[in-house]
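Here is a brief report on one protein model. Look over the sequence and the fold before reading on.

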Amino acid sequence: MKRPMALMVAALLLVFGAVFGVVEGKKILIARYLANYEPPPVTVSAEEAGRERWDVVIGAVGTLKAVQGIDIATEASGIVKQLHFKPGDNVHAGQELVSLDDRVEVATLKSLQAQRRLADINFERDQRLLATKAISRTDFDKTEALLKDVSAQVEKTEAVIARKHLRAPFDGRIGIPQVDPGQYATEGQAIVTLQALDTLEVDFALPEQELPRLAVGQAVRCRVQAYPDQRFEGRVSAIDAKVDGNTRNVLVRARVPNTASELLPGMFVSVEVIVGDAAEQVTVPETAVSYNLYGDSVFVVARRTRKDGGTELAVTRRYVEVGQRRNGRVAVLDGVAAGEQGVTAGSLKLDAGAVVNIDNSVELTR
């Protein structure tokens with residue numbers, strides 16, 4: 001009885017020993033494999049950090065508006081009789097733009113003018129009679145008052161007629177009319193926009209701490225999405241007299257010449273106020289910088305020696321201090337030197353010390 005039991009125990013020990021031996025053997029083999037494993041190189045794009053001379057600027061965004069720009073509206077109601085312009089025309093100050101039906105007022109004016117002529121004749125006759133004391137002073141005063149009353153009614157009617165003939169208050173480009181001939185226009189209804197485009201203004205807000213660096217007359221550079229490769233130069237024309245209590249920003253206005261009429265009021269514009277002379281900066285592409293809560297960093301590519309004596313390209317993570325951004329590049333104030341290569345694409349696949357291959361011929365994701 002004891003012998004079979006001993007054999008069973010020995011068999012179990014042998015089986016468990018074999019199992020544990022296999023498991024420990026696998027662990028040893030895996031550890032050896034991992035100790036000697038070298039991950040394949042990661043393909044990335046890279047670019048050398050360069051040196052550029054950049055002006056010291058303050059960036060902001062704003063909206064363009066005309067120095068002179070209005071929506072022309074009616075001062076009186078009536079039927080639109082005629083439009084004296086075509087959309088997009090350049091018009092001059094005083095040029096008639098819209099005529100409303102004024103036949104009733106013109107007829108009233110003719111009647112009043114006839115009454116004024118009669119009142120004028122009576123006034124001149126009574127003036128002669130007064131000189132000879134043929135009439136009393138009271139009768140003459142009544143005649144004079146009647147002449148003045150009729151003259152005032154004539155002037156009033158002429159003013160009403162003038163209000164039905166809308167004229168351009170200044171030179172500019174006319175827009176698309178919001179009414180058609182024959183349509184009834186109410187008092188105050190917008191008819192068409194008129195914008196003087198030779199010079200535009202851009203209003204933008206800057207933080208209050210930038211006030212010491214701001215001054216009227218400073219140069220500004222503007223960019224709009226319609227012309228991404230073109231810069232429009234201007235000058236700061238005014239700085240507001242107060243800081244907004246809600247945003248702690250100060251409003252700044254700049255004037256931008258627009259002789260070619262390429263810019264239009266209402267355009268969104270990026271503004272750079274030049275507040276200092278050009279200085280040399282170390283710059284890298286914006287895609288080379290990784291932004292996170294722990295600090296901004298750049299993967300820098302450098303050649304190192306392998307265990308077998310050969311060399312390979314590997315990356316190190318450098319934490320950097322960044323400055324201004326301009327035209328897809330960012331200034332690096334500290335952390336990267338000019339001439340060092342930074343990874344511009346493929347950085348999401350990298351860890352510090354990773355081996356890389358540089359291939360700038362293909363488009364890679366970060």
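## A buried arginine and its partner

R329 counts as buried because its relative accessibility is 17%. (Buried means under 20% relative accessible area, exposed over 50% and partly exposed in between, with a 1.4 Å probe and protein chains only.) This is a predicted model: local features need pLDDT of at least 70, side-chain atom pairs count only at pLDDT 80 or more, and totals for chains, interfaces and linings use all residues. Residues are numbered from 1 along each chain as its sequence is written, and side-chain values use heavy atoms, with hydrogens and water left out.

The side chain of R329 forms a salt bridge with that of E47, at 2.9 Å from N to O. (A salt bridge puts a side-chain nitrogen of Lys or Arg within 4 Å of a carboxyl oxygen of Asp or Glu.) R329 sits in strand β20 (residues 329–334) and E47 in strand β1 (residues 42–48), so the pair links distant parts of the chain, 282 residues apart. (Strands are DSSP runs of E, at least two residues; helices are runs of H or I, at least four; both are numbered from the N terminus.) E47 is partly exposed, at 36% relative accessible area.

## Other salt bridges

The structure holds 19 salt bridges. One of them joins R253 and D203 at 2.8 Å, N to O. R253 lies in strand β14 and D203 in strand β11, 50 residues apart. R253 is partly exposed, at 27%.

R103 is exposed at 61%, and D101 is partly exposed at 21%.

## Nonpolar cores

The largest nonpolar core has 23 residues. (Such a core is a set of buried Ala, Val, Leu, Ile, Met, Phe, Trp, Tyr and Cys residues joined through side-chain atoms within 4.5 Å.) V202, F204, C222 and V271 have the most contacts inside this core. Elements giving it two or more residues include β2 (50–66), β11 (199–207) and β15 (268–285). Another core, of 17 residues, lies apart from it, with V91, V98, L166 and V192 among its members.

## Helix α3

S151 is in helix α3 (residues 137–163). S151 counts as buried because its relative accessibility is 18%. Its side chain reaches the backbone oxygen of L147 at 2.9 Å. Other buried residues of α3 include F140, V150 and I161.

Technical notes:
Polar contact = N/O pair within 3.5 Å; in protein donor to acceptor, adjacent residues only side chain to side chain.
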